[in-house]
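The sequence and model are shown first.

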Amino acid sequence: MRYLFYPGCSAEGSALEYGTSTLAVLEVLGAEVEELQDWTCCGASVASTMSDLLGLVLPARNLALVEQSGNGREMLAVCSACYTNFRRTAAAIVSQPRLLDTINQALEVEGLTYHGTVQARHLLDVLANDFDLEAIAARVQRPLAGLTVAPYYGCQTVRPYSPFDDDQRPTSMVGILEALGATVHRHNYEASCCGTSLLTTKPDVGLQMVGAILEACEPADCIVTVCPMCHMNLDSYQDKVSRLLGRPLRIPVLFLPQLMGLAFGLPESALMLRRHVVPVSPVLAQLPES
Amino acid sequence: MATSEVINLTTVKRDPTFVDRLTPAGRLLSRCIQCGTCTASCPAAPAMDLTPRQMWRLAQLGFQDQVLHSKAMWLCSLCYICHVRCPRGIPLTETIVKLKQLALQEGIGEWRESTAFYRAFSDVMRRYGRMREIEFMVRYFLATNPLAALGYAKLGLTLLGRGKAHLELPRLGGEGRLDRLFERVAELEGQR
């Protein structure tokens, strides 16, 4: 398995632990991963709001870089918003072939040409479908026995351009979590929205959305997620949500590769669990000594 | 506009070409049968001044001002649940992106707490090529309500303490990393 890694802005900033643990876990699983050179922002939800063309050109710039240096390696994205932008751009080029010409007129100033051949993969897709569950289970040194985990997929991980799971009732994480020895807490908010930027622009609404997810996950010992935006919202606003709900609510939120790394016995330097706002220590205390 | 407000069809200004301006996705709006699946599915609908269903009906009928001045679109977090559930196959989420785009272009002044978000993000992206989270938040709060930043001060300090946020000096002069690409896109958009 060989991948060209597009970290995206969060995974080298606020969610550095996500990018770092992703690389560590893929290495344990025997994958060959290299970071894409000279990548730039995918445009997030902002570029397409500023202009249609900008919303295609910013993702296409990175797709063109992958095409140029990929050598048959697939593009790996860890952020669901980046992933959606790359997939949305690919879909637009397929449905309107003349777009590629316009995109290339823009990319000319960057010295790039895109031929429309790249399809980004999400980390969850790669973990769930490129590796056998037996291979994952075989790497476990510290089984997560006794740990109940609430999977949280978020919205853009599974829709609308994502072909690898159900777009409303996803299940990709279940097999992986069970292979690690954990018990899975299924709930009704697994693919609902974390509120994204509403936590900044319309906090009263965003906090309600985060609160609903946290309450659904409460029976579990921790939440596991695969998107830096989801993680930021679920991990950082628990104090404010507790005030809103009028009762204390505190549940650790881990990235999936961090939890896998814990089970694989990887060190803190690879997992960076201490960066989270809600301490992960109660989860660690529940695990057997490695 | 409050949802209970009565619209007088004979006096309110309508633009029958409004739906065409929402191309390509918006043209499909004529398919909408007002079933309300979008409203029932939307996690933010309870906080909207117009529900998604009402907004699509107003758009179909060309009530441009009522739609573009509403708060509803700014509560959309692009979760695509209406898009995947729409029984008529209308790409509703991307039509909302188009509505936001028109509202920004027309300089609609309400909901500045949302519109400033897009401008600040775009400026940082253009300057550095990648997001700088702290500079973006500073620019955003300066453009909206610097006092509101106080509500985030405790969290900000926690994030700095955990190493999740980094202070970097802004680079003010000189060419931005994506200036030329942004300029070329603007030229090309002008041509189309």
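## Helix packing between the chains

A crossing of two helices is called left-handed if the near helix is turned anticlockwise from the far one by less than a right angle, and right-handed if it is turned clockwise. The coordinates discussed here are those of a predicted model. In this model, α6(A) passes α10(B) in a right-handed crossing.

On the side of α6(A), the contact is made by A:Thr102, A:Gln105 and A:Ala106, while α10(B) contributes B:Leu181, B:Arg184, B:Val185 and B:Leu188. Divided by class, the residues of this contact of α6(A) with α10(B) are 4 nonpolar, 2 polar and 1 charged.

## The contact between chains A and B

Taken as a whole, the contact between the chains joins 41 residues of chain A to 40 residues of chain B. On chain A, at least two residues of the side that touches chain B come from each of α3 (47–50), α4, α6, α10 (198–201) and α11 (203–217). That side of chain A has 17 nonpolar, 19 polar and 5 charged residues.

## The nonpolar core

The largest nonpolar core has 154 residues, and those with the most contacts inside it are A:Val57, A:Ala77 and A:Ile223. Helix α4 of chain A (residues 52–69) supplies the largest share of this core, 10 residues.

What does A:Val57 touch, leaving aside residues up to four places away in sequence? Its partners in chain A are A:Ile103, A:Ala106 and A:Leu107, and those in chain B are B:Leu181 and B:Val185. Among these partners, A:Ala106, B:Leu181 and B:Val185 also take part in the contact of α6(A) with α10(B).

## Helix α14 of chain A

Within chain A, the axes of α2 (residues 16–28) and α14 come within 8 Å and cross at roughly 45 degrees. The helices α2(A) and α14(A) are therefore oblique to each other, and their crossing is left-handed. From α2(A), the residues A:Glu17, A:Ser21, A:Thr22, A:Ala24, A:Val25 and A:Val28 meet A:Pro257, A:Gln258, A:Met260, A:Gly261 and A:Phe264 of α14(A). By class, the contact of α2(A) with α14(A) comprises 6 nonpolar, 4 polar and 1 charged residues.

A:Leu259 also lies in α14, which covers residues 256–264 of chain A. Is A:Leu259 buried or exposed? A residue is buried if 20 or more other C-beta atoms lie within 10 Å of its own; A:Leu259 has 27 and is therefore buried. Not counting residues up to four places away in sequence, A:Leu259 touches A:Val149, A:Leu180, A:Val224 and A:Leu254. The C-alpha atom of A:Leu259 is separated by 30 Å from that of A:Asp38, a residue 221 places away along the chain.

## Overall features of chain B

Chain B has 10 helices and 0 strands. Its C-alpha trace spans about 55 × 40 × 35 Å along the principal axes. Of the 192 residues in chain B, 36% are buried. When contacts in chain B between residues at least 6 apart in sequence are considered, 63% join residues at least 24 apart.

Methods
Residues numbered from 1 in each chain as written. Chains lettered and ligands numbered in written order. Predicted model: local features only at pLDDT ≥ 70, side-chain atom pairs only at ≥ 80, totals over all residues. Helix = DSSP H or I, 4+ residues; strand = E, 2+ residues; numbered from the N terminus. Contact = placed C-beta atoms within 7 Å. Nonpolar A, V, L, I, M, F, W, Y, C, P; charged D, E, K, R; others polar. Core = buried A, V, L, I, M, F, W, Y, C linked by C-beta atoms within 7 Å. Buried ≥ 20, exposed ≤ 12 C-beta atoms within 10 Å, placed from the backbone. Axes fitted to C-alpha atoms, helices over the stretch in contact; angles between N-to-C directions. Parallel < 35°, antiparallel > 145°, perpendicular 65-115°, else oblique.
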